[in-house]
Every structure is written in C-alpha cells, then in structure tokens.
Amino acid sequence: MAGKLTYQQAGVDTRKAAALVGDIKTHVARTQANRKLFGAFGLFAACYDLSSYKEPVMMTGCDGVGTKLELLLEHDLLETAGKDLVAMSVNDILTTGGDPLLFLDYIGIAALDEDKITRLIGGMADYLEACNCILAGGETAEMPGIVPVDVIELSGFCIGCAEKSDLIDPTTVAVGDVLIGYASDSIHANGWSLVRRVLKDHAPDVTEEELGAWLQPTRLYHDVVNDLKASGVKPKAMSHITGGGLPENLERLFVGMGADLEIPKWELPGIDKLLAHVDAEDRFHTFNMGIGWVAIVAESDVESALKAGPGGTIIGRMVDAEGVRVKVRGE
C-alpha cells in the first residue's frame, strides 16, 4: 500500500538474511565432517546426542574478541576475528578436560554485508574444523542506528562435554607439582585497550609487520590437550592465559599454595617496543607474556607433558608461599 513502510526500508532485510544462511552452509558442513547434530541444521535450536557418554558432564564457555576487534576491522582481518572468537571460548572448555562439541556465534551489524559475515564465519569454521567442534548455529542481528556502520559486534558460545572421570580436578594440585608453559602465537585477544593506548601515543615506533605479528589469531590449544591425553597424562590443572595474565589465571586454581615462575623472553616481533611503555609489573597482569597455556602436572609426567603440542617448557613449581610471582629469564 502506498505510503506504508517495509522492514527493509527501516534498514533490516530479512530476505537477504535468509539467503545468507544458505551461503554459509559450506562452512557449516566443514565443521560436521566427524560429529553430527542430532536433527537437521536450521532448526530453532541445535541438538546433540550424548548417549555415547556413560556419565556426561557438560560445560559452557562464552567470550568475545574484546577491543582487538577494532584493529582487526581496521586492517580487514575478518578471518582472524573469527578464529579469535572460537579460540577464546574453546580454550576455556579445554581447561576442564571437556571436549568442545558445539559452537554458536552472535554477530551484530548495522546492515547485512554478505562478504564480511561469510569471511568471519569462514575463520570460525577453520578453527572449529581443526578441533572437531560443530558450528551449531548463531544469530546475525541487523541493527541500524544501534551498531555504527564501521563496527561489528561479536560474541561466541561453546558447549562441551566430558566423562565425569575425565574432568580436571584442581584440588589435586600439590606443592612440588610442575608448571609447564606453552607458547602463545601473539598478544592473543586480551590487553588490547592498553595496546591501543600505546599505539595512539607511539604509533610511529611500530611497523606494519610488527603490528601484523601482534594481531595474529589466538592459538587454539587442542593440540596440547590431545597430545597429553594420547600420552596418558592427566594434568592436575590447566589454564588458558587471558586477561589478568599468568598470576590471575593461575591463582584461581589453588588455595594455600603458590608458584614462583620464570618464563622465557617473549620473542614476538616488536614486542619490546610495546612493553617499553608499560609498567614493569603490570605487564604480567595484562598480557600472556608469550605463555598462552599452562598445565600443572606431577613430576612423573613432566617428560611427556613437555612434548605435547609444539613442545612446552618448565616455568616453575608449586610452593608453600601463596600467590604467583613471575619474572623473565635473564632480567
């Protein structure tokens, strides 16, 4: 009828959104090469059959990409943003001993952009395919007037499951246990509000090549976890090193004891230029400092744990004194 408005004229194109679902089916299919949903993809909720588990325990994770997303969008690194989104939730599931089964995403955007959304989901699918986790669904919200035209909102949600007997139990950590650290691939997806402040104040000091190294995606640590399982090692605890750095992410795992850590020098290109402008103590509470994952194991499991993934390194032992103290080797 003349003079009547449509949803499309208000800035939301539901037909375009429906077509997009068909466009991403290839990426969805990649994540179901081994595991399958129980029922068809496209239902209003995804189902997964847990009958192969004897005593299933479920775990959930939720995270985003943080303010790193601003720079990823600025440098057109949409696939990296998708990988970061997956890794930040999947890694958290892995710390429990759980197996990541299902992943869902939320994308908020001013107006549907098929290319950008498909690239984001392509990055997600790359990581989900690698860790055998299904892209089970999600939500693409077209929100004109709420989300700025140059911004994309991202959130990720992961559901995992494990046999009760396979769950990691941090209450088993004891004085004398060994902390094995596994390298990060970059700054990962935390601490970027501080990075952005340094770049704003000292941008000429950082080359495009160095910034590119900082922006590499968060490492997915399924390789470490799978190798530990294959070698028969059950860690006392595992930690994904994100916001709060090594001290805050490790201290939550134990009570009445602590650890003295000595970590290798972070070899990320140009990282010294960043750290030169950061408080010497605060750096350990903000960045992963080159260690993105830690497994706490018994002395008898150290040799096997060191070989997991692209090999780890001993960074310390559990001690009686509470708290986590960190220093860099050679400083």
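1. A crossing of two helices is right-handed if the near helix is turned clockwise from the far one by less than a right angle, and left-handed if anticlockwise. In this predicted model, α4 passes α5 in a right-handed crossing.

2. The axes of these two helices, α4 and α5, come within 7 Å. They cross at roughly 45 degrees. Angles from 65 to 115 degrees count as roughly perpendicular, those under 35 as roughly parallel and those over 145 as roughly antiparallel; the rest are oblique. α4 is therefore oblique to α5.

3. Which residues make the contact? On α4 they are Leu78, Glu79, Ala81, Gly82, Lys83, Leu85, Val86 and Ala87. On α5 they are Lys116, Arg119, Leu120, Gly123, Met124, Asp126, Tyr127 and Leu128. By class, the contact has 9 nonpolar, 5 charged and 2 polar residues.

4. Now the sheet. It is open, with 4 strands in the order β1-β4-β2-β3 and mixed pairing. β1 (56–63) and β3 (134–142) are the edge strands. Each has a single partner, so one side of each lacks a neighbour in the sheet. From one strand to the next, the twist averages 15 degrees.

5. Strands β2 (residues 99–109) and β4 (residues 152–163) pair in the antiparallel sense, over 10 bridges. Asp99 stands opposite Cys161 in β4.

6. Both helices pack on the sheet. Helix α4 (residues 78–94) touches β1, β2 and β4, and its direction makes about 35 degrees with that of β4. Helix α5 (residues 114–130) touches β2, β3 and β4, and its direction makes about 165 degrees with that of β2.

Note on methods. Residues numbered from 1 in each chain as written. Predicted model: local features only at pLDDT ≥ 70, side-chain atom pairs only at ≥ 80, totals over all residues. Heavy atoms only, no water. Pairing = 2+ DSSP bridges. Axes fitted to C-alpha atoms, helices over the stretch in contact; angles between N-to-C directions. Contact = heavy atoms within 4.5 Å. Nonpolar A, V, L, I, M, F, W, Y, C, P; charged D, E, K, R; others polar.
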